[in-house]
Amino acid sequence: MRIVVVGNGMVGYKFCEKLVGKNLPDLQITVFGEEQYPAYDRVHLSEFFSGKKADDLSLASRSWYQEKGIELHLGDPVQYIKPSVKLLHTFKGYIKHYDILILATGSSAFVPKIEGIEKDGVFLYRTIEDLHLIQSYAPKANKGTVIGGGLLGLEAAKALLDLGISNTHVIEFAPRLMPRQLDEVGSEMLMTTLAQLGLTIHTNTNTSRITGDDCITGLEFADGSSIETDILVVSAGIRPRGELAIDCGLETGMNGGIVVNSRMQTSDTSIYAIGECALYNEMIYGLVAPGYDMAEVVVSEICRMFDASAATKLFTGFDMSTKLKLVGTDVASFGDPFANGKNISNIVLKDTVKGVYKRINVSADGKYLLGGVLVGDASQYNMLLQTCRNKILLPPHPEDLVLPAREAQKEEGAGVQALPGDALICSCEGVSKDIICQSVTEHGCETVDAIKKCTKAGTGCGGCLPMVKDLMVYTMKQQGKYIRNVLCEHFNYSRQELFDLIKLHELKTYDAVLDQLGKGDGCEVCKPSVSSLLASLWNEMVLKKGNDTAQDSNDRFLANIQRGGTYSVVPRIPGGEITPEKLIVIGQVAQKYGLYTKITGGQRIDLFGAHVSDLPLIWSELTAAGFESGHAYGKALRTVKSCVGSTWCRFGLQDSVSFAIRVEERYRGVRAPHKIKSAVSGCIRECAEAQSKDFGIIATEKGWNLYVCGNGGSKPQHALLLATDLDDETCLRYIDRFLMFYIRTADPLTRTATWLNKMEGGIDYLRNVVVNDSLGMAAQWEQEMQALVDAYQCEWKTAIETPEIRKRFAHFINAPQEKDPTVQFETLRAQKKAANWK
């Protein structure tokens, strides 16, 4: 059987992959692609501007097609089809006969009819070739504009920002951004967030003319307003590629979509259409998941031609629920996002401070979830989607679905175990809960990568992977198996196991750990993780020979790498208390080395814009004045914030500044799985915001209340009360135990809040371990913490006093005093800032 596929995009490739997987006899598969590249991942196209190359986006190499016996023609578009004799003719002159023809021609960018659209500096955002052209032109541009406020338009805006065009506008004809996914409030929240990131959004705006001679210089709008711009990216929607179908007489819709039935057959039963070119029930499906489902339908049809008893699969439409990350912001919609009316209840959470909006639509009786919108935080998306799809009964308080989990209010039976077996977990590949669970129980898949290879789940957009992992863990626990979260392919141990083994064998360098406990050469996952373990165990200088190359990039320079190739210097200011003399020194250093200064929310002073060769000189002057490294670059204790407490405040119950200084000087330099922040408040008025920290201390009339596992940042969480009315020494002992328990048991890059959320028994279990010493480890943990405290050294001081380390801080090895000539600065409010990247 001769099968010809016209189009080598994601859907065309997926059809080939699924078809060759059936091992049908005597198939001759030929693929014609218009582009020069084999099939690549358009879903993650914008990652091209984050450093990925075309090969990184590739779905399959040319050799894959050869290995599968597929004849591949790239850069050779089909020019016409003759259905009456079942042949087609290509641009390069190939004439190919077919028995079955698959049209997977996809869609093209919709280009609005605007005067001047042909000018230089105007680009589409659709293919890798488009991205190459944008990248080449971008250095000429200081101001950028995107026409289109949908998914691709906002991705194009992100691309311009990534290319250093910080003055970027987005023009949307509709009254709001992403009108198909977001309601009005959700769109406003997204617009506010994008504006904070530097984008200027124009809605209800119709572009009438592109100005300039040969090159674009600006845009004029229908309301008479205008803007200047040096580059324009058009991403105003898509049009199905139905030209071939129209020319050969197949039935098409008004927009050019190729009309198909539920078997994906066109008006010619030998010709099928799949993906964005196919028009089913007067609808074009513009996502990759329904295209994959269409491919599966056609494969099942071909299988039935060989075996009439083979299962029939029909296309009956597709759930267009989707989760996206736009310019770093979560956006999701599911079910009927706009459901409204007397028989529907809307539950809304709106937090303008954190930029979070959540709306869920519930049936009037409160039993079923009908749909919803999420902006700013879509962490609950997968479970909400499954609850909606599978008509799972809602808990008594449906608002709990979008509110942070309340203590002791987790519903029994909630989560992945409550989903039916046929629940569709991976929409892209059509993989159900049963298939994932069976891959664990029947095929021995006990890692997410193994499940991906076995089932293909998570190989599309990747949005289902958290739920895939939850199902894997749940299934393994059901089998009574011990769940081991191994570090990576080079170490067959979890982080906790490696911690104990490194301590037992007294290993002090990454190479020693790899030689004795691992295999291979290591990777970007295990190198920083093992280095963190070594630092947590021995608290030695992180740039000690043998560990330096394994460190995170910031650790290698004992400073944070910032924009434009510059570095920031953050001296420690315990408790936020500083003398006038030290303030003067910071000012003098900033003046001498031309540094931008800013007071932080953690009560420190950041110094930005340092050249790498100046770092040792700056540290020398700061340490001579009594300053130490603030470890802003490391996964370690950052700050212990404080209010003035009873020293100055009339409401203060305890001396919060003195205790904050004692706490910070005890735990400074202690390395952990992630950064640690703390605060001490002198009374319940909580001016130091202790309940948003990894551990926070609040004064009472009898002593201190200790709170743990709070979190600010993108997913804020209040700390929970661990113990009350503690004296100073008891409070410090409990913190010793808490931190050592966290350091020993948390996964890499896991904050204390997430660590507690995943801990069976939650805060009650943690309290039992820390306060009641249920594991019998308290004395050992206190000794281990004291050993770390005793081993403390200021890393800046050690670096400048150790010639072997100090000589690393040079941009040019053969000219250590010369500065990086590419570093450029601009003036900002009487200070300087790094110039925008080009």
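# Salt bridges, helices and loops in a predicted model

By the rule that a salt bridge is a side-chain nitrogen of Lys or Arg within 4 Å of a carboxyl oxygen of Asp or Glu, the count comes to 41 salt bridges. This is a predicted model, in which local features need pLDDT of at least 70 and side-chain atom pairs count only at pLDDT 80 or more, while totals for chains, interfaces and linings use all residues. Residues are numbered from 1 along each chain as its sequence is written, and side-chain values use heavy atoms, with hydrogens and water left out.

**Salt bridges**

- Side chains of opposite charge can pair when their charged atoms come close.
- Lys354 pairs with Asp351 in a salt bridge whose closest N and O atoms are 3.5 Å apart.
- Lys354 is partly exposed, with a relative accessible area of 47%, and Asp351 is also partly exposed, at 22%; here buried means under 20% relative accessible area, exposed means over 50%, and partly exposed lies in between (1.4 Å probe, protein chains only).
- Lys592 forms a salt bridge with Glu621, and the closest N and O atoms of this pair are 2.7 Å apart.
- This pair links distant parts of the chain, since Lys592 belongs to helix H17 (residues 580-593) and Glu621 to helix H18 (residues 615-624), 29 residues apart; helices (H or I, at least four residues) and strands (E, at least two) are DSSP runs, numbered from the N terminus.
- Of the two partners, Lys592 is exposed, with a relative accessible area of 57%, whereas Glu621 is partly exposed, with a value of 27%.
- A network of salt bridges links Lys14, Glu17, Lys18, Glu296, Glu429 and Lys456.

**Helices H20 and H23**

- The axes of helix H20 (residues 728-745) and helix H23 (residues 778-790) come within 8 Å and cross at roughly 90°; axes are lines fitted to C-alpha atoms, for helices over the stretch in contact, and angles run from 0 to 180 degrees between N-to-C directions.
- H20 and H23 are therefore roughly perpendicular to each other, given that angles under 35 degrees count as roughly parallel, over 145 as roughly antiparallel, 65 to 115 as roughly perpendicular and the rest as oblique.
- On the H20 side, the contact is made by Arg733, Asp736, Arg737, Leu739, Met740, Phe741 and Arg744, and on the H23 side by Ala778, Gln780, Trp781, Glu782, Glu784, Met785 and Leu788, where contact means heavy atoms within 4.5 Å.
- Arg737 forms a salt bridge with Glu782, with 2.7 Å between the closest N and O atoms.
- Arg737 counts as buried, at 11% relative accessibility, and if its neighbours within four places in sequence are left aside, it is in contact with Val770, Val771, Ala778, Trp781 and Glu782.

**A buried serine**

- Ser439 lies in helix H10 (residues 433-441), where it is buried, with a relative accessible area of 1%.
- Not counting residues up to four places away in sequence, Ser439 touches Gly444, Cys445, Ile451, Cys454 and Thr455.

**A nonpolar surface patch**

- Tyr368, Leu370 and Leu393 make a nonpolar surface patch of about 250 Å².
- Patches are made of residues with over 30% relative accessible area and no salt bridge, with like charges joined within 9 Å and nonpolar side chains (Val, Leu, Ile, Met, Phe, Trp, Tyr) within 5 Å.
- Accessible areas come from the Shrake-Rupley method with a 1.4 Å probe, and for residues only the protein chains shown count as cover.
- Tyr368 is located in the loop between strand S25 (356-363) and strand S26 (369-375), and at 32% relative accessibility Tyr368 counts as partly exposed.

**Loop residues**

- Most residues other than glycine have a negative phi, and most peptide bonds are trans.
- Asn23, in the loop between helix H1 (10-20) and strand S2 (28-32), has a positive phi near 55° while being a residue other than glycine, and Asn23 is exposed, with a relative accessible area of 67%.
- Asn204 has a positive phi of about 55° although it is not a glycine; Asn204 sits in the loop between strand S12 (199-202) and strand S13 (207-211) and counts as exposed at 57% relative accessibility.
- Lys342, found in the loop between strand S23 (329-335) and strand S24 (344-351), is exposed, with a relative accessible area of 79%.
- The C-alpha atoms of Lys342 and Tyr510 are separated by 64 Å, and these two residues are 168 residues apart along the chain.
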